[in-house]
Every structure is written in C-alpha cells, then in structure tokens.
Amino acid sequence: MPTVNSWNASAQNVGGSTVGPADYTIFRSLLDTWNFWSLVVGIFTFILLLYLVIRFREESPDDPKLDGIKPGVFPKERDNLTLELTWFIVPTILVLYLTFIAWQSMITVWVDPYSEELAEESFDITIEAYQWGWNFYYHDEIVVLNETGNLTTFVTPMGSEIKDGSIGIDGNLYLPCDTPIKAKIVTLNDGGELPVLHAPFMPEWAIKEDAVPGLETYLAFTPKESGTFDLFCAEYCGQQHSKMLAKVHVVGQCGTGE
Amino acid sequence: MSKNKIRVFSLLFVVFIALAATPQITSFPTGVGANGNAGCTCHSGGAGTTTIDVVGMPDSFTGGESYELQISISNPAIPGGELTANMGGFRLFASAGTFGAGENFTDLVQELEGGATHTELGNDVRDWVVIWTAPDSEGQIVDFTLHGNAVNGNAVGAGNGNTGDAWSTFEASVPGAAALGGGGALIEQAEPYEVAIAAISFGITLFSLMLVYVFYRNNPEGFNLNGLAAWLKKWLTTTDHKEVGTLYFVYSFLFLFIGMIFSLLFRIQLSVADNDFLTQDQYNSFFTLHGTTMIFLAAMPMIAAFANWIIPLQIGAKDLAFPRINAMGFWVLAFSSILLYGGVMSGEGADISWTMYAPYSSSGGEKGASAGTTLFVAGIVMLGMSSTLSGVNFIATIMAMRAPGVTWMKMPLFTWSAFVANAMLYISLPALIIGTVYLYLDRTIGTVFYTAASGGDPILWAHLFWFFGHPEVYVVIVPAFGIVSEVLATSAKRSIFGYRSMVYALAGIGVLGFVVWGHHMLTSGMDPTLRLIMMLTTMLVAIPTGVKIFNWLATLWGGSLVFKTHTLWSLGFLVTFTMGGISGMFFPVAGLDTHFHDTYFVVAHFHYVLVGGTIFGMFSAIYYWYPKATGRKLDEKLGLLHFVITFIGMNAVFWPMHQLGIEGMPRRYHTYSVDSWTELNSFITLSALIMGAAQFILAWNLIKSYKYGEESGKDPWGGWSLEWTTTSPPPTPSFHEIPTQGDANIDHHAYPESSGGLFSKMWKGSGSK
C-alpha cells in the first residue's frame, strides 16, 4: 500500500501516449526484435525476387517453352530435396527462436492475478466499464505531499470519505509511479446497463484486456514515468465506442526505483 | 437531332430541375409576424442589453418527460414596472421535442412548429412559462435558442413605435440521459446515408442498363421485349457451370464496388481529427457492411466464380456434380444480400461489425444493436447455407469427376487450392451457422445463449465465430495461392517448382488453420492455457506459407518470364502477401498482441493479406482466364495502368496504418481527437480515393475488351492444364468427349527414378495411380 512522500509531479504532462508505448515497456524491445527479423526476411525475399525477375526475364518472344509444356500434359516435375528442406528447416528454426523470445513476454503481460507476491506490493484498482464510460475504484491510497510536506493530492479509495485535495472522483484514473498496478476489470452490472464487451486499452503500457460481463479479468503493469496518458476502449461496444475515453494520470515521483 | 432524342433530353432536363429543387421544399417555419431565426425583428431595437433568465432547464432529459421552463426577461434601461401593455416578447426554438403553454399561461404562450412564442396577449408581460416535452430518443443533445425582447411600450396607441427596444439571445444544450455517461456529443446528420443509398441505386440502374445493352449488342436486329424476357429467363434459370460462374462474377464485381463506396465514405470521415462527416451510427453501420460485403459478397463469390468456371475445365468434367444445387447456391446468396442490406434503406443498418461480437449483437433498444441487425443475422445464416451448397458441389466434383490421367497428384494447383478451401469451409461453416442461429434466437425469441446474467457465455460467440472465422480467411486466400501458382509457372514457361511440397503446404495450412483461432482472442479473457497453445500453433503457420513463397521464387529461377498483366498481379501478390505474412508474425507474441489487438496495425495486416493477397490473386485470375471465358484478351495497356495505380495506391493506403497502430489508434473508431494522427489519415484517405477510382479502369477494360479485345485462341499464355485444350469460349457441355490428361514424367521415363525430392519419395507408392 504505497504512500508517496514526494512533491507532486502530476501537473507536468511529460511523455504522451500518442506516440505509442513507452520505451521501458517489453513491447518496445520485442518490436525492435521483430522489426529486425521482418527486415531480414523481407529484404532477403524481395532482393531474391528482384534478381529473379530481372535475371530470368523473357529474352525473345519465341523463346522455346522450357520443361516441354504442352496443353493437356502434366509437365515434368521439378524439385530439389536440399532446397526444399532448407526452406522448411530455416524458417522453422527462426520461428522456434522467436517463440522462445516471445515466451517471457507472456509471463510479463499475463500475470497471475492471484499471486501472493503481487498482492503484497501492488496498488489495486478496479476498472468498471459501461456504455460509454469508465468508473475507477481504488483499493489502496496514494498520498502525494508537496515540497513543504503539505498534502496536495489524495486518491479516494472505494468507500472512504472524500477529503480536501481528493482526486480520483473526476472520471479519470490516478496511479502512483514505480508501483506495480493490479487492475481488476469488470462491467457495470446494475440492471439498467446493457452488458456488452469493452476493453480498457492503455497504449502507454501496450496493454489491453476485455471487460466481459460475468467474468473478472486482470491487467498488471508498472508505470515508470509521470504524466498524463490516454485510455481507450478497444472492444467495439456500440454507438459511442469512440467516445469511451479517459485520461490516466501518473502522480508522485518516479525514478526512486522499485 | 431526331424528335425522339429532343423529347428524351427535355424530359431528362425537367427531371433534373425537379430533383434540384426538391431539397428546398422544406424551408424553416416562420414565426409570429416577421420573427425569424434571428430574433424578434418586429421590434428593431438594439441587441445585447437585455438579460434573459430561464429557470427549470434540466441538466439532462429523460425521454418523453415534460419540463417547465420559466422564462423571464429584464432590462434596467427599459423598466417594465410602470408599463401595462406591450412590454416584451420571446421566441424559443428547440431541435427536438414539443411545446405547450404552462399552467395559467394558456392565453399568453402559443406553440409553433419547432418551438414556442408569446401570443398577442403575451406581449404585455415579461414572464412566461413554457412546457417542453422531451423527445423519446435519449441518445441525442437538444439545442435551445431563445430570443427575448424587452419592449418599452411605446407601440400602445402610437402606431408601430418600434424604437428603443432591445433584444438578446439565450442558448442551451441539453443532452439526453443516453447521450451522457462518459460518451460524447452525438452527431446528428443524415446526408451520407442518402449518398450511400443513392450510389447503390445508381449502381443498380447502371447495371440494369448495362444488361439491356449487352443483350442489344448480342443481336441488334432481334432486339425486342419478348427476346429480352427469354434472354433474361435463360440467365435466371441456367445451371451450366460457366453461366453460373458468370453470374457469380458479375454479382461479386458489383459488390466489390458497393463495398468500396462504403469504405471511401468512412475514409472521408476519418481523414481529419474530430470530423463529423458521418454520424456515429452511420460510421458503425458502414464499416460493418464494408467488412461483410467484401468478405461474403465480393471475395467469396469471386472465388466461387473462378471455381465454377475453371474447375470442371481443369479436371476434364462436362459440368459440376450437382448443377441445380450450384444454381441454388448462387440464388440463395443473391437473396441473402437483400437481407444484409435490408436495414440500410431504413437508416437502421446493422452496426455489429463483421465479427458480430455478442452480447452487443444480441442486444437491442436505445444502446444496443440497431433494428436492422436481426435481418443482417438472418442474411448471414443464408450465406452459410449458400456456401455449404456450393462447397459440397466442388468437393464432390473434384473427388468424383476427374478425367483419366488427372490423379490427385497430377491435378492443377488451382483445383487443389479450391479443394482445400472448400474442405475447410465445409468443416468450419457449421460453427458459424450454429452461432448465428443462436444469435438470431437471442434477438427474436429471447433465448440467452450469450447473456451472462442468465447463465449464457459472451465468449462462446467469439469461439464459435473464430473457429469459423480463421479458416474463413484461409478460404479466401488459399484459392489465390492456387491462381498465383498457375500464373507464375505459365508466365515463366516452366512447371511449378516442388509441386508435391506445394500440395503438402496447402494441406498443412488447411489443417493448421483450424487450431489457431484463439489468436484473435488473446485479450478476450480466454483461458491462459488456450492462449499459450494458440500462440504456438499460430507461429507454426508461417512455415508452410514460407515453403510456398520460396517455391514460387524457385519456379522463376531459370525461367523465361513474360510480363503480361496477370504476371504483374501475381508478382505484386508475392510482394504484398509476403509483407502481410510477416506482419502476421507480430500477433501471436503476447507482449506485442496486447498492444496491437484491435488497433490499426491489425487493419493494416489483414488488408495486406486480403487486398494484397486475395484481391491481387483474383485480379490476376481475371486477366489470366478472361480470354478463356470470352475468347478475347483484356487490353494490356489499361491493365498495366490499373496495376500500377492499384499497387502503389494499396501500399499508400495500408502501409501508414502500421504506424497508426503502433501509436495506438484503435480500430472501429468513428473519430479521434489526437491531432498528430490527422496527417497520416488524410494521406490514407487521399490514396484510397485514387485507388478506388482506378478500379473503374478494370470495369471499363472488361466491357471494352468483350467486343474489341484481341482474339486469343485456345492457349494464349502457354498453360498446360486441360482448360487450355478446349476452345475459347468453351462449348456447352464443356467437353463433348472426356479428355485424357497426359504426363510428361512418364513419357520421358523421368519419373519416379530421377525425381529426387523428399516429397516425391514419400508419395512414390501411389503417385502413378
């Protein structure tokens, strides 16, 4: 349960989710690897294609037909064991290698929500989706003090009284910096609401997970830079899907390392 | 100019004038006296010094409820206290709802169309009470404009006396309860619907005219109504595989353009941030119809067209196995499109996207799916029926009706690909049909298959849909593989490299295609174990696909490549499909997919595969087999122009979407508020318009070359399979005598001894069956 004893940095809108995920996310390092191998495969294929198209273009219009092709006759078969095995085995090795790299990210982004280790240190929130907006509930507190030690902001946990300087009740999400966040995702279920799918999507941390009626899903991530970021709904949910937006404010001092 | 022509032109001119004048018929209702929209101009005093107070204006309204609005105006410069008559006036407009006079104010307030104003008696006070009854639809924002006028009474007994008065304006916007709740403003506008309907009607009219013209050109002397009826009857009742194929082709081509018009309309909407060219409802409905149209009404029928035309010719059969079921399959498809589009004409087009995710798609009412969705789902069930009918037909034909010499491993690759595709379709379709029938029942008789609160399962739909949906995207790409295999081998004047590994790769894709559906659902709350399995299997799909791409490249090696238009499309396919294949490798990775899922990166990927793959393959097939179908070649110059613009345009449209995806732009968004996305989006829209316009070159080429194209003869490109042994166009039935396919491997004693490939050895026993 974090109490952040440092001056408030939330006012500085540094960073920005409109340029994609933050540099420290696992997404960035994976994207670099995948871009690299895409370029390798792509450039190899296209240079080979270009070479073949130029080198083996038609020399003269009455070039004799190769392989004795005649209408109605199945042509002479051509194959080459070594070559075929090469382009069966090399891509297989590459795919296995990429799968190996990808494995770790699965553990990072799909964290076990019932893990006790996570439960001890995490800042717990509930994201409740409805048509068309979000409710955020806090199960822990963030207290942010300014330089002189006076309380500046205070996140209101679910059920607690609203105090001076309270934030977290304005429809936006407030998160502490450098603390693992565990978000439970549910849909609003009050009878009057239509239970449909939604998906909180926070590009800054490259994560999303569907809100499914009748199911609890989880997201886990750790903000490491303060600032204001976007939260979109990524699962089509009807008329005003594109207006189902909120801001995520990461407050407190970053870089203390955890 | 003949008298007739003058009459026709005069009539057209009159119709044009009448159409041009139509929108002006609804003009703004005028108020009391000269009170217009600009305020109480009956008194011409200055504006601005008067204060207007309105008490009782709600923060948000509930549909159908009445609200009491107390209007009072004051102006210290024109005190009303001493006056007894002619003190003030007001004029209130609202964009929705109805008005009435408040209690005790029936003499002072009167209703107007779209608003309320004071009566002649009401001129003598400065306070009025108006009752506003809210509209039923809560999903909107009602705008109020109130003009109030403080009058100094000098008109009493003194003529018109309109000096020294002052008026001002009060404005308010009241959202409905449904328009609140985190959602933004609802955009009210109706024109693009009319554009879409007009474009479709215009297209159908042009299409009918074209039909009559084609009939006329067939036999200019015999042009009369009886002849036309008989000719139409022949086409409506035909069971010949070539004619049904032509019906499929014309149908798919028409819907290719309709789907394109939808995409251009919503591309215009997306061109700049915060655009309001389309309303949310229209946008949602248009992208739904674009996706469904392109997959089910354009790509699938286009494949069915070539399968119909070419499969019997390639395997040496006189017709398909079940000609009447074949015709029925087409007509079920044709009528299902009426159901799919049924909602559009009433402004209630289905808005559930082509994936039709429940429980949104099974809901109704104010915030649920639109009313047209029920018809749409019924249309999808019919589509499933149509595909089942045509699928069983192709499978039976290929299994049972091959001519002597056409053994399984001596079958042209297009036929092989059609076989694999239809087998996949046949196995996967039941999941879609079951799913949509559940959905239809949920919508109509209140079952709860997808309703969590009643014990249903929302994720069930996603599983059923994608168990069908992922094989489905292979169903539309695999025939393109077959076409490219044929075209590249023929153009390089060689046999295909590694025929056997090509067949195994096709079959491998066919099998793997069934165990990867979960990669569409990695963020859907699905079981983590299933996520892991689907991630591994999805990675594996790259291997057979890679084998195919390298076999195509090896086919070119040592060949003598001619650059006909169909060759260009197939080479273009190699480039764009490879790019689409590579970007597909980004999705099974957990750390990448949690970001890319439902962003524009996905949109870029599947358009590279479906446009750069399926559509390029189909265009290749059009240029390749058009001479076989008509006896004339398509124009190569127009073909080159069409290829160059489309290839560049396609990359210009879809490549920037990768970047938008990385930056986190979600798909299916009606609009966006991030200004930095405008630049790429404007570029995409501009490119899309150019690329769309280029498709008319193909349409014109098809029409022009039918009459004026270069005559082709039996085998214009030097292909080997049996369709090139028959005349162009082929007779009916397609072979008078069942042909026998020869085998160069046996003739030259080159098989099986010198054929050293792994796959040849594996197949040695049954290869010469």
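Residues are numbered from 1 along each chain as its sequence is written, while chains are lettered from A, and ligands numbered from 1, in the order in which they are written. In this predicted model, local features need pLDDT of at least 70 and side-chain atom pairs count only at pLDDT 80 or more, whereas totals for chains, interfaces and linings use all residues.

**View 1. Helix 5 of chain B packs with helix 14 of chain B.** Helices (DSSP runs of H or I, at least four residues) and strands (runs of E, at least two) are numbered from the N terminus. Helix 5 (residues 280–315) and helix 14 (residues 600–630) of chain B pack at an angle of about 30 degrees, with their axes 11 Å apart; axes are lines fitted to C-alpha atoms, for helices over the stretch in contact, and angles run from 0 to 180 degrees between N-to-C directions.

**View 2. Four strands of chain B form an open sheet in the order 2-3-8-5.** The pairing in this sheet is antiparallel, two strands being paired if DSSP finds at least two bridges between them. Strand 2 (51–55) and strand 5 of chain B stand at the edges with a single partner strand each, so one side of each has no neighbour in the sheet. The twist averages 30 degrees from one strand to the next. Strand 2 and strand 3 of chain B are paired over 5 bridges, and Asp53(B) stands opposite Ser72(B) in strand 3. Strand 3 (residues 66–74) is in turn paired with strand 8 of chain B over 7 bridges, with Gln70(B) opposite Val129(B). On the other pairing shown, 4 bridges join strand 5 (residues 98–101) to strand 8 of chain B, and Thr98(B) has Thr133(B) as its bridge partner.

**View 3. Val478(B) and Leu506(B) touch the most other members of the largest nonpolar core.** This core has 238 residues; a nonpolar core is a set of buried Ala, Val, Leu, Ile, Met, Phe, Trp, Tyr and Cys residues joined through C-beta atoms within 7 Å, and a residue is buried if 20 or more other C-beta atoms lie within 10 Å of its own. Helix 5 of chain B gives the most to the core, with 22 residues. Beyond its neighbours within four places in sequence, Leu506(B) is in contact with residues including Trp416(B), Val478(B) and Phe481(B). Another core, of 28 residues, lies apart from the largest one and includes Ile78(B) and Phe93(B).

**View 4. Chain B meets chain A through 99 residues, which are in contact with 92 residues of chain A.** Helix 11 (residues 528–556) of chain B supplies the largest share of the chain B side, 14 residues. That side has 48 nonpolar, 40 polar and 11 charged residues. The two chains are also joined by 2 bridges between strand 1 (residues 73–74) of chain A and strand 11 (residues 742–743) of chain B, which run parallel, and Phe74(A) stands opposite Asp743(B).

Note on methods
Buried ≥ 20, exposed ≤ 12 C-beta atoms within 10 Å, placed from the backbone. Contact = placed C-beta atoms within 7 Å. Nonpolar A, V, L, I, M, F, W, Y, C, P; charged D, E, K, R; others polar.
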